[in-house]
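The sequence and structure are shown first, and the description follows.

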Amino acid sequence: MKPSFRRPLSGGRAAAVLAAAVLATAVPAAAADTGVPGAQAPPVPLRVATYNIHAGAGQDGIFDLDRTAEAVRGLRADVIGLQEVDVHWGSRSDFVDEARALAEELDMRVFFAPIYDLDPAAEGGERRQYGVAVLSRYPVLEAENHEITRLSTQTSDPVPAPAPGFAEVVVNVKGSHVHVYATHLDYRADPSVREAQVADMLDVLAADRGPKILVGDFNAEATAPELAPLWQQLRDAAPDGGGTYPAIGPVKRIDFVTVSPDVTVAGARTVATDASDHRPVVTDVMLHRRGR
C-alpha cells in the first residue's frame, strides 16, 4: 500500500491499526522496543510537547516552515502534538503538506488528523486539509482520528455537530505503551462548544487503558469552568508555567500538556519563540507501566 498522510481515518479500530502500520513505514525507527515487561521495568522517561504552529507562520505573519521546523527541533521532544497544521490547504502555506514536510525534516513519524477535508482548489489537485498532527520518535502502534463536537468555520450558519480532528496515537516507548492525544478546542468566547468537546474527549479517554497524555491548544485558561471536568481525570503538567499566547508578550496560558495519575511529571516549561503566534510547552514525564 502506498503510504498516505492525507486521508482521514474511519472510526473503526481495524482501520486505526492499518493506518498506524502505514505510518510506521514513513520514517525509519529512531528508538527500539526493548520488550521489558512494564510492571517490573524501571520508569521510562519521555519528553512530550504541544505546539500550535499557526500553519507555519510566525508572530510576524510570515510563512516560513523552515523556521517552524527549527523551533520544533529545539524542543528536543520525543512526541509532539501540533495544532493548525495545513496539508495542501492554500496559498497562505504554499499548498505544502506540512505534516509530511515536518516529519521528513525532523526524521520523525507523523499521524495527521484532519478537522477539515475539502475538495482541491483546482481540478487534479490535492485535497485541502487542516487539522492536528502528532510527531513521534518512537514506534506508533495504533492511530485514530476521533470525532468531537465542533462548530465549523467552513459553512454558513453552522451548528455544533460531531466532526473529526481529535488525534490519538498509542506509542511504544521502550516497551511502555502510552496513549497520546492531540486536540484543538473551539476559540469562540461562548464556552458551550468547548464544554461539549471536553465531555467528548473524556469519553474517548475512558475507553482506553494505561498511561494517557492529552496535549493541545485549549483556547481557555486552566481556571475556565468548561475545563473543570478535565482536572477530575487529568493533571495540568505545568500549573505554574508561563503564558503561551500571544508568542510575544504572552498574557494567557491556553496551551497544555496534561497527564493521567499514573504518569509522573519530572519537569515542564514554556519555550520563548516567535516562530508561531503561540509558544510551545515541553514536559518531561516518567512512564511506570505498560498499558494498552
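This is a predicted model: local features need pLDDT of at least 70, side-chain atom pairs count only at pLDDT 80 or more; totals for chains, interfaces and linings use all residues.

The largest cavity has a volume of about 40 Å³, and its lining is formed by Asp-236, Ala-237, Ala-238, Gly-241, Gly-242, Thr-244, Arg-253, Asp-255, Phe-256, Val-257, Thr-270 and Val-281.

Strand E10, which spans residues 255-259, gives the most to the lining of this cavity, contributing three residues. Sorted by class, the lining of the largest cavity holds five nonpolar, four polar and three charged residues.

## Largest pocket

The largest pocket has a volume of about 460 Å³, and 26 residues line it. Of these lining residues, Glu-84, Tyr-130, Thr-153, His-184 and Tyr-187 lie nearest the centre of the pocket. The lining of the largest pocket divides into 11 nonpolar, eight polar and seven charged residues.

## Packing of H2 and H3

Two packed helices are described by the angle between their axes and by the distance between those axes. For helix H2 (residues 65-75) and helix H3 (residues 98-106), the axes come within 10 Å and cross at roughly 55°, which means that H2 is oblique to H3. The crossing of H2 and H3 is right-handed.

On the H2 side the contact is made by Leu-65, Thr-68, Ala-69, Val-72 and Arg-73, and on the H3 side by Glu-98, Ala-101, Leu-102, Glu-105 and Leu-106. Taken by class, the contact of H2 with H3 comprises six nonpolar residues, one polar residue and three charged residues.

## Backbone exceptions

Most residues other than glycine have a negative phi, and most peptide bonds are trans. Where does the chain have a positive phi at a residue that is not a glycine? Arg-76 has a positive phi of about 55°, and the place of Arg-76 is in the loop between H2 and strand E2 (79-87).

Which two residues are joined by a cis peptide bond? The bond lies between Tyr-245 and Pro-246, with an omega of about -10°, and Pro-246 is placed in the loop between strand E9 (235-236) and E10. Strand E10, at one end of that loop, is also the strand that gives the most to the lining of the largest cavity.

Methods: Residues are numbered from 1 along each chain as its sequence is written. Side-chain values use heavy atoms; hydrogens and water are left out. Axes are lines fitted to C-alpha atoms, for helices over the stretch in contact, and angles run from 0 to 180 degrees between N-to-C directions. Helices (H or I, at least four residues) and strands (E, at least two) are DSSP runs, numbered from the N terminus. Angles under 35 degrees count as roughly parallel, over 145 as roughly antiparallel, 65 to 115 as roughly perpendicular and the rest as oblique. A crossing is left-handed if the near helix is turned anticlockwise from the far one by less than a right angle, and right-handed if clockwise. Contact means heavy atoms within 4.5 Å. Ala, Val, Leu, Ile, Met, Phe, Trp, Tyr, Cys and Pro count as nonpolar, Asp, Glu, Lys and Arg as charged, and the others, Gly among them, as polar. On a 1 Å grid over the protein atoms alone, a cavity is a set of points where a 1.4 Å probe fits but cannot get out, and a pocket is an open set with protein on both sides within 12 Å along at least five of seven lines; lining residues have an atom within 4 Å of a point. Grid points are joined across faces, edges and corners, and a volume is the space filled by probe spheres set on the points.
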